[in-house]
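Please read each numbered point with the model in view.

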Amino acid sequence: MVLGITMAVPVQRAEQGTTKKKPLTKQRQVVVTGLGVVTPLGHDPDVFYNSLLEGVSGISEIGAFDCARFPTKIAGEIKSFSTDGWVSPKLSKKADKFMLYLISAGKKALADGGITEEVMDNLDKRRCGVIIGSALGGMKVFNDAIEALRISYKKMNPFCIPFATTNMGSAILAMDLGWMGPNYSISTACATSNFCILNAAYHIMRGETDMMLCGGSEAAIIPIGLGGFSACKVLSQRNSEPTKASCPWDINRDGFVIGEGAGVLLLEELEHAKKRGANIYAEFLGGSFTCDAYHMTEPHPDGTGVALCIEKALDQSGVCREDVNYINAYAASTPTGDLKEYRAIIRCFGKNPELRVNSTKSMIGHLLGASGAVEAVATIKAIQTGCIHPNINLENPDESVDMNVLVGPKKEKLDIKVAMSNALGFGGHNSSILFAPYK
């Protein structure tokens with residue numbers, strides 16, 4: 001293969017089975033016991049999800065800097081954020097926002113999971129880990145260092161290198177907690193969070209850990225971030241109507257809306273959670289990764305990589321396709337990407353009359369490396385509440401989509417059997433993770 005030439009690779013479609021598959025080996029059960037978010041719609045999971053259910057948009061004109069020279073002037077920007085009580089004042093002054101979002105969401109997930117100081121003291125911290133990633137890391141810290149270097153390296157922030165790296169948020173959170181188990185970050189563009197969540201679950205399933213904080217964080221709404229994505233020509237330019245700019249599956253979609261924030265799940269081994277009397281939100285069933293091996297920024301035209309990922313997720317988790325009746329789709333509001341994922345979903349689940357599909361990005365935009373975790377929180381809240389949020393701005397559906405599958409402009413009640421959350425990323429990265437009510 002010559003560099004620059006793409007090649008379509010045929011994928012064998014798995015037969016649509018009706019018999020429930022069984023996991024090949026017995027493994028430890030993983031449950032979700034804590035949720036933490038920092039989002040354009042609030043920094044509490046309940047506030048965040050209630051806003052989604054009501055169809056509230058968190059997209060607005062960017063206020064952090066002057067956007068006059070950019071074709072896009074809107075984003076899912078966090079207008080108000082405080083680290084008080086979550087991050088030390090000293091670190092708050094020096095660290096990049098992606099780290100501050102990450103640490104805050106991580107500690108919120110612990111608090112939500114009932115991890116008090118007393119509980120923390122009784123944990124075996126050698127069996128607790130952190131895997132929270134970022135697609136772009138500390139962009140502002142690194143950009144500021146480049147500007148300082150124009151004068152002299154002596155003017156550079158001595159923390160610019162560690163604070164720019166994607167792993168340092170997880171590392172500092174672990175230092176703060178004293179957790180000595182697996183600690184790293186995975187960076188797979190906009191699929192980052194799902195990769196982190198699934199790998200965290202693997203550590204628990206294999207018996208290596210009892211508890212893991214996992215997810216993603218992003219803070220790229222700065223001039224270099226907005227400029228870079230504008231240069232890629234992937235952002236919506238619907239500046240006059242910010243709240244309508246993110247419109248997955250709508251015929252008028254013209255690109256995604258960049259967002260920022262963080263999402264963190266507290267995953268725990270079932271017996272460990274029961275022993276401490278934890279509140280269990282949902283069971284984590286498993287998932288899968290694949291690569292399109294096709295193009296740097298475009299998904300495969302037929303959605304074969306996504307379909308393969310979904311098939312593998314079902315197979316590896318022992319879930320029957322007929323039981324999946326809710327999908328929180330990646331659907332970022334891009335002209336081609338929305339339909340390619342949609343085709344893959346229909347290819348795998350098209351015979352299921354109960355299937356409902358929505359996109360959280362219609363209200364908060366695309367949080368890049370944090371999107372999967374924030375959308376996983378939305379998925380888990382859907383399981384908990386029995387309500388799925390609407391697809392706002394889906395006023396003129398693309399002729400290729402079926403509105404009997406996609407959620408309409410109002411929230412819907414749904415008894416979720418199994419929920420799937422998808423995340424795709426530049427480089428052809430595909431990921432699907434599965435949750436179910438804990439029974």
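1. Helix 3 (residues 97-112) and helix 7 (residues 168-177) pack with their axes 9 Å apart and at an angle of about 45°. Axes here are lines fitted to C-alpha atoms, for helices over the stretch in contact, and angles run from 0 to 180 degrees between N-to-C directions. Helix 3 and helix 7 are therefore oblique to each other; angles under 35 degrees count as roughly parallel, over 145 as roughly antiparallel, 65 to 115 as roughly perpendicular, and the rest as oblique. Helices and strands are DSSP runs numbered from the N terminus (helices H or I, at least four residues; strands E, at least two).

2. Which residues meet where these two helices pack? From helix 3 they are M99, L102, I103, G106, K107 and L110, and from helix 7 they are M168, G169, S170, I172, L173, D176 and L177. Contact means heavy atoms within 4.5 Å. An α-helix has 3.6 residues a turn, so residues three or four places apart point the same way.

3. The model is predicted: local features need pLDDT of at least 70, side-chain atom pairs count only at pLDDT 80 or more, and totals for chains, interfaces and linings use all residues. Residues are numbered from 1 along each chain as its sequence is written, and side-chain values use heavy atoms, with hydrogens and water left out.

4. UniProt, in an unreviewed entry, places the feature "active site" at C190; UniProt positions are given in the numbering used here, feature names are shortened, and annotations may be inferred rather than shown by experiment. C190 is in the loop between strand 5 (183-184) and helix 8 (192-205). Is C190 buried or exposed? C190 counts as buried because its relative accessibility is 10%; buried means under 20% relative accessible area, exposed over 50%, and partly exposed in between (1.4 Å probe, protein chains only). Not counting residues up to four places away in sequence, C190 touches several residues, among them Y330, H366 and S371.

5. T290 lies in strand 8 (residues 282-291) and counts as buried because its relative accessibility is 10%. A polar atom of the T290 side chain lies 2.7 Å from the backbone oxygen of G305. A polar contact is a pair of N or O atoms within 3.5 Å; within protein, one must be able to donate a hydrogen and the other to accept it, and residues adjacent in sequence count only if both atoms are side-chain atoms.

6. In helix 1 (residues 45-53), the buried residues are P45, F48, Y49, S51, L52 and L53. At the start of helix 1, a side-chain oxygen of D44 reaches to within 2.9 Å of the backbone nitrogen of D46.
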